[in-house]
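Hi everyone, thanks for coming.

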Amino acid sequence: MKDSKRVTAPAPADVEDLVLRIDGREPLSADLVTAVNAVCDSAEDRAGIGRVLVQVSGVPQGPWAGDLTVALVSKWERALRRLERLPAATIAIADGDCGGLALDALLATDYRIAIGSVRLVVPVGDGTATWPGMALYRLAQRGANAPAIRRAVLFGTPIEAADALALHLIDEPADDRDSALALAVVRAGAASGTELAIRRQLMIDAPTTSYQEALGVHLAACDRELRRTAVGAAS
């Protein structure tokens with residue numbers, strides 16, 4: 001497993017980006033769960049300042065699920081849920097085939113940039129069926145009836161770059177890592193972490209919330225924004 005670390009890059013208030021590297025070729029481990037949680041801790045301590053860049057690549061090689069336990073998988077999924085709900089913009093940079101842990105992390109981010117020709121791969125756990133992790137849930141949320149997603153979930157057929165773009169599993173292509181980093185700066189440059197997190201949650205809740213239930217929550221968010229704007233204007 002490659003340790004998470006920070007790199008210097010343009011960011012709001014000259015804060016270094018937090019960088020998490022996930023290699024889909026490597027097996028799930030307690031160290032990886034710790035690394036994801038450490039990045040989440042740092043992002044939360046910053047109160048929404050800066051970005052989290054999640055660099056993903058690789059797919060599982062050979063038998064890979066034999067040593068897993070439900071307890072470890074549960075810890076991994078909880079760590080991904082923290083990543084998904086951070087008070088900071090999370091931007092994935094995908095390179096090459098992405099499956100297993102790399103696909104899990106990719107789908108838990110806000111914005112996804114693909115370098116070159118990326119394929120998304122749902123791994124086959126024991127040679128007979130795809131791994132039934134939460135990646136299947138996140139894929140289905142984005143189009144359970146889409147043929148490319150159905151083939152990936154049921155048969156492990158890779159989702160090609162064109163389909164990934166059309167299904168909004170990938171938001172934007174990039175020619176190389178430098179251009180991907182530049183896109184990350186542009187896309188999240190104006191995002192305020194705490195406010196971004198509120199809007200993200202409103203968006204996530206919308207499909208399962210009635211209009212009347214949603215109205216009060218949205219009005220509260222509007223009131224918060226008006227108060228924040230008034231404070232800024234007065235200062």
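**Charged pairs and pockets**

Let's start with D223, which forms a salt bridge with R227, their closest N and O atoms being 2.8 Å apart. A salt bridge here is a side-chain nitrogen of Lys or Arg within 4 Å of a carboxyl oxygen of Asp or Glu. Before I go on, two notes on what we are looking at. This is a predicted model, where local features need pLDDT of at least 70 and side-chain atom pairs count only at pLDDT 80 or more, while totals for chains, interfaces and linings use all residues. Residues are numbered from 1 along each chain as its sequence is written, and side-chain values use heavy atoms, with hydrogens and water left out.

Back to our pair. D223 and R227 are four residues apart in helix α9 (residues 211–234), so about one helical turn separates them. Helices (H or I, at least four residues) and strands (E, at least two) are DSSP runs, numbered from the N terminus. At a relative accessible area of 36%, D223 is partly exposed, and R227, at 57%, is exposed. For these words, buried means under 20% relative accessible area, exposed over 50%, and partly exposed in between, with a 1.4 Å probe and protein chains only.

How many salt bridges does a search of the whole structure find? There are 12. In one of them, R82 meets E44 at 2.7 Å, N to O. That pair links distant parts of the chain, with R82 in helix α2 and E44 in helix α1 (residues 30–45), 38 residues apart. R82 is partly exposed because its relative accessibility is 24%, and E44 is partly exposed at 36%. Salt bridges that share partners also join D41, E44 and R82 into one network.

Another pair is E84 and R138, at 3.0 Å, N to O. E84 lies in helix α2 and R138 in helix α4, so this bridge ties together parts that are 54 residues apart in sequence. Are these two residues buried or exposed? Both E84 and R138 are buried.

Now for a charged residue without such a partner. R112, in strand β5, is buried yet has no salt bridge; the nearest side chain of opposite charge, D171, is 4.7 Å away. In that count Lys and Arg are positive, Asp and Glu negative, and His and the chain ends are left out. What does the side chain of R112 reach, then? It reaches the backbone oxygen of H168 at 3.5 Å, and a polar atom of the R112 side chain lies 3.0 Å from the backbone oxygen of L106.

Finally, the pockets. A pocket is an open set of points on a 1 Å grid over the protein atoms alone, where a 1.4 Å probe fits, with protein on both sides within 12 Å along at least five of seven lines; lining residues have an atom within 4 Å of a point. A volume is the space filled by probe spheres set on the points, which are joined across faces, edges and corners.

The largest pocket has a volume of about 720 Å³. It is lined by 25 residues, and the closest to its centre are E84, R142, R200, M203 and I204. Helix α8 gives the largest share of that lining, five residues.

The second largest pocket holds about 240 Å³. Among its 23 lining residues, W64, G100, L101, D104 and W131 are the closest to the centre.

Conventions
A polar contact is a pair of N or O atoms within 3.5 Å; within protein, one must be able to donate a hydrogen and the other to accept it, and residues adjacent in sequence count only if both atoms are side-chain atoms.
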